[in-house]
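Let's take a walk through a protein together, starting with its overall build and ending at a single residue. Keep the picture open as you read.

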Amino acid sequence: MKDLIITNKILNWYDINKRSLPWRNKVSQEKKQYFTLVSEFMLQQTQVATVIPYFNRFIKNIPNIERLSKYNDKKLIKLWEGLGYYSRVRNLKKTAKIIVKKFNKKIPRDFYELKSLPGIGDYTASAISAIAFNKPIVPLDGNIERVLKRYLYLKKQNQIKKEFLQDQKKIFGISTKRSSDYAQALMELGALICKPKNPTCNKCPLSNNCKAFKNKNFDLVKLKKINKETYFKLSVYKKNNQYLIIKNNKFNFLKNLNIFPMDQLNNPKNFDKDLNFKISNMNMNIKIEYKNNHNFDKNINWINPAKLENYVLPTLTKKIIKFLESQK
Ligand code: SF4
């Protein structure tokens, strides 16, 4: 009964307050499934406001799964440029190819079939199942996690681990009839009301039973994460004021993207870094070395720093070029 009350309160709030987002537009079922797939890939590491113009441009150029499966790789990366984490778009295309070939152009409804596709993990499979196929699942995204942590006042390290939160989310119950709306309603509540800073509890449908509200303590405890320190020696080759970059087939990060030639070092002594860069859970310490003659024979490009915006480059490469130019 209590579940039902929470569910209804949240859905009522959503009906009045939901944002109009392009992937929520009223469209055919088939389009809704495609929109959900694309938006969920984009939203994996990016905020809603940033995603909106990218999503609109993407859908305008690539309106369906079949088109995506055949879309030119370079143009695809260009459409994604600025969103970062390019492995997402490469996986999205791989997923589209499999859906066309193996699933007769239809996005699979089954959670495990979804999870078998490139770039789709537990969370994305849950989100697609709930939003696109109205399955009674509550996907645990950052917004829902925050609401849950505050509502139940979860502050200890063992209480904020994924597995514990996955179990605790049962407090929200499910909506069998409106599962798609319910998943989005919970996310929306976190995004608009139970915001990371200054939650607007006076507008929140959960304030009556919320422990954070009762204790007037909205602090969120973070899971202690260890950033791995890594060390790289980076080689700069310059010709006619242009920098040599190479397609990355060597490292697991920024795969197939253009980077400066680099070697990773193992716990070097007295490492004097020139700059550092954070990527995923890795802190890259980078030492730059200027060199004269290279012996790369393929997969290289020369970059004119004055025309940086004309190239599709990962942020790391752009940051290094800007650093090199600032040292002149
Ligand atoms: S009452 Fe406040 S802290 Fe509690 S869930 Fe609502 S917005 Fe978040």
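Helices and strands here are runs assigned by DSSP, numbered from the N terminus: a helix is a run of H or I with at least four residues, and a strand is a run of E with at least two. Residues are numbered from 1 along each chain as its sequence is written. What you see is a predicted model, where local features need pLDDT of at least 70, side-chain atom pairs count only at pLDDT 80 or more, and totals for chains, interfaces and linings use all residues.

Begin with the whole protein. It holds 13 helices and 7 strands, and its C-alpha trace spans about 75 × 50 × 30 Å along the principal axes. Of the 328 residues, 28% are buried, where buried means 20 or more other C-beta atoms within 10 Å of a residue's own, exposed means 12 or fewer, partly exposed lies in between, and the C-beta atoms are placed from the backbone.

Now find the ligand. There are 14 residues around it, and Cys194, Pro199, Cys201, Cys204 and Cys210 come nearest. A residue counts as near if its C-beta atom, placed from the backbone, lies within 6 Å. Helix 9 (142-152) and helix 12 (211-215) each supply at least two residues of this shell, and helix 9 gives the most, with 3 residues. By class, the shell has 12 nonpolar, 1 polar and 1 charged residues. Nonpolar covers Ala, Val, Leu, Ile, Met, Phe, Trp, Tyr, Cys and Pro; charged covers Asp, Glu, Lys and Arg; the others, Gly among them, are polar.

Next, look at a pair of helices. Helix 2 (residues 29-43) and helix 8 (residues 122-133) pack at an angle of about 150°, with their axes 10 Å apart. The axes are lines fitted to C-alpha atoms, for helices over the stretch in contact, and angles run from 0 to 180 degrees between N-to-C directions. Helix 2 and helix 8 are therefore roughly antiparallel, a label for angles over 145 degrees. On the helix 2 side, Lys32, Gln33, Thr36, Leu37 and Glu40 meet Thr124, Ala127, Ile128, Ile131 and Ala132 of helix 8; being in contact means C-beta atoms, placed from the backbone, within 7 Å. The residues of this contact divide into 5 nonpolar, 3 polar and 2 charged.

Finally, where does Asn266 lie? Asn266 is in the loop between strand 4 (262-265) and strand 5 (275-279). Asn266 is exposed, because 6 other C-beta atoms lie within 10 Å. The C-alpha atoms of Asn266 and Tyr231 are separated by 7.0 Å, though these residues are 35 apart along the chain.

Terms used:
Parallel < 35°, antiparallel > 145°, perpendicular 65-115°, else oblique. Contact = placed C-beta atoms within 7 Å.
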